[in-house]
Amino acid sequence: MQARLVAAGLLGRAARRRAGPRGPALGRLLLAWRAPARALPPSDSPRARVEAVRADPALRLPGQPLWLQSFEEAQGRMRGEVWAVLEHEAADAQAALGRPEPWCDALILHLNVKYCRAATHDGAPVLDVGVGRKHDQPLAGVHWMRFGWKLGSARPESWRVVLLAADGPLQTRDYRIELEAVALERARTLVHLTYSYAYGPAARWTMQLYLATLGHDKVGFTVVGRDADGQPRYVEGLRGVIERNAVRYALALQAYLGALRLPAEPDRLERRLQDWFDATERHALQLRELDRATYLAMKRQEVRRQRQLAAPARRD
C-alpha cells in the first residue's frame, strides 16, 4: 500500500510538471562506453591496470586527470569505476585514508550523505552512515547503513581500503566501495574507486519510477550517441545513476586530501566544501543539484550535527 501511495505521488507530481528541453551539454565529455566484454583485463598487478587506463584516451574526462567506466552486470548489479591522478604521494594518502575516521570527513561532502560516524562493532571498525535526500533532512527520515571498513593490502607503492554494507535505500543491497591507490612518478598517486551495489525487482521498479518522473532529466557521463546537431547524448537510467554517484564519491576523496595542505580545522572543512562544489560544477549537466550557498549552509549544519550526535543504536 505504501509503495502504491509513493508511486501515485511521484506520478502526480510528474503530470503537473511541464517537460522542457534539456539544456546544452557543458563541454563534451568524450567517454566511450565499454561493454563488459571489452572492459580492462583483470590483473593481479596494480601497475598493469594503471598502464591500461592511462593508455586509453577514450576513458578520460577532458580537462582533468579523471577516467570513468560503468557497467550493468548480470544478477542485477551496477558498478561504476573512477580513476583519478592525485598530487599526493601514495604514503601520504594512505596515512590520511588508512584509518576509518577520515572517511566520514570525505563521505559527508556527498549530497545524499547526511551523517557519518566511525565506530566499532564486534571489535571491527565500521562507519554508521545516514543517507537521504539531496536537500536538508532530519536524521529521523534518513536510511541508516553500516559499512564494514577494512584496510586491505598495504605496501609502500600501493594500498587498498574496502567498505561493505549489507543493505541500502530503496531496497538495494550488497554495497561495496573500494579504493585502491598506486604510486606514480613525480610524487603523484593514481587512485581507483569502485562503487557498486545490487538490486532486486522491487528496487529496480522503484528506481525506474523515479527516473521516469522526478529524475527524468538526469544523465550520466558516458556518450552513447549524437543528436542531429552533433551534440553528445549521454547515458541515462540506472547507469547514469551509478556514474553520477561514483564521480561524486571520487571528487569527495580528492577534496578531502587536497584540504590536508591547510594546517587545521575549521579551514580544512571550508576548503573541502568549496573544492567539492567547484569540482562538481565542472560537470554541472550531470551533477548540479543545489546552488553554492544552499549546499554550503546545508553541509556546515550536517557536519556540526554528526560531530555532536551519536548514531542511533542498531540491532545487528
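Analyst: P102 lies in helix α4, residues 101-107. Helices (H or I, at least four residues) and strands (E, at least two) are DSSP runs, numbered from the N terminus. The model is predicted: local features need pLDDT of at least 70, side-chain atom pairs count only at pLDDT 80 or more, and totals for chains, interfaces and linings use all residues. Residues are numbered from 1 along each chain as its sequence is written, and side-chain values use heavy atoms, with hydrogens and water left out.

P102 counts as buried because its relative accessibility is 3%. Buried means under 20% relative accessible area, exposed over 50%, and partly exposed in between (1.4 Å probe, protein chains only). Setting aside neighbours within four places in sequence, P102 contacts A96 and Y256. Contact here means heavy atoms within 4.5 Å.

Axes are lines fitted to C-alpha atoms, for helices over the stretch in contact, and angles run from 0 to 180 degrees between N-to-C directions. Helix α3 (residues 90-97) packs against helix α6 (residues 237-259) at about 100°, and the axes are 11 Å apart. That angle makes α3 roughly perpendicular to α6 (under 35 degrees is roughly parallel, over 145 roughly antiparallel, 65 to 115 roughly perpendicular, the rest oblique). From α3 come A93, A96 and L97; from α6 come L253, Y256 and L257. Six nonpolar residues make this contact, with no polar and no charged ones. In this scheme Ala, Val, Leu, Ile, Met, Phe, Trp, Tyr, Cys and Pro are nonpolar, Asp, Glu, Lys and Arg are charged, and the others, Gly among them, are polar.

Now the core. A nonpolar core is a set of buried Ala, Val, Leu, Ile, Met, Phe, Trp, Tyr and Cys residues joined through side-chain atoms within 4.5 Å. The largest one has 68 residues, and W103, L127, F147, L163 and Y295 have the most contacts inside it. Helix α6 gives the largest share, 13 residues. Beyond four places in sequence, W103 touches L97, L127, W149, V161, L163, I177, L179 and L253. A second, separate core has seven residues, including V53, W67, V85 and L190.

Across the protein chain there are nine helices and 11 strands. Of its 316 residues, 48% are buried. Among contacts between residues at least 6 apart in sequence, 60% join residues at least 24 apart.

K299 sits in helix α9, residues 292-308. K299 counts as buried because its relative accessibility is 0%. Leaving out residues up to four places away in sequence, K299 touches I108, L109, H110, L111, V113 and L273.

Last, the backbone. Most residues other than glycine have a negative phi, and most peptide bonds are trans. E265 and P266 are joined by a cis peptide bond, with omega about 0°. P266 is in the loop between α6 and α7 (267-281). D122, not a glycine, has a positive phi of about 55°. D122 lies in the loop between β4 (113-121) and β5 (124-131), and is exposed at 74% relative accessible area. Q171, also not a glycine, has a positive phi of about 65°. Q171 lies in the loop between β7 (158-167) and β8 (172-183), and is exposed at 56%.
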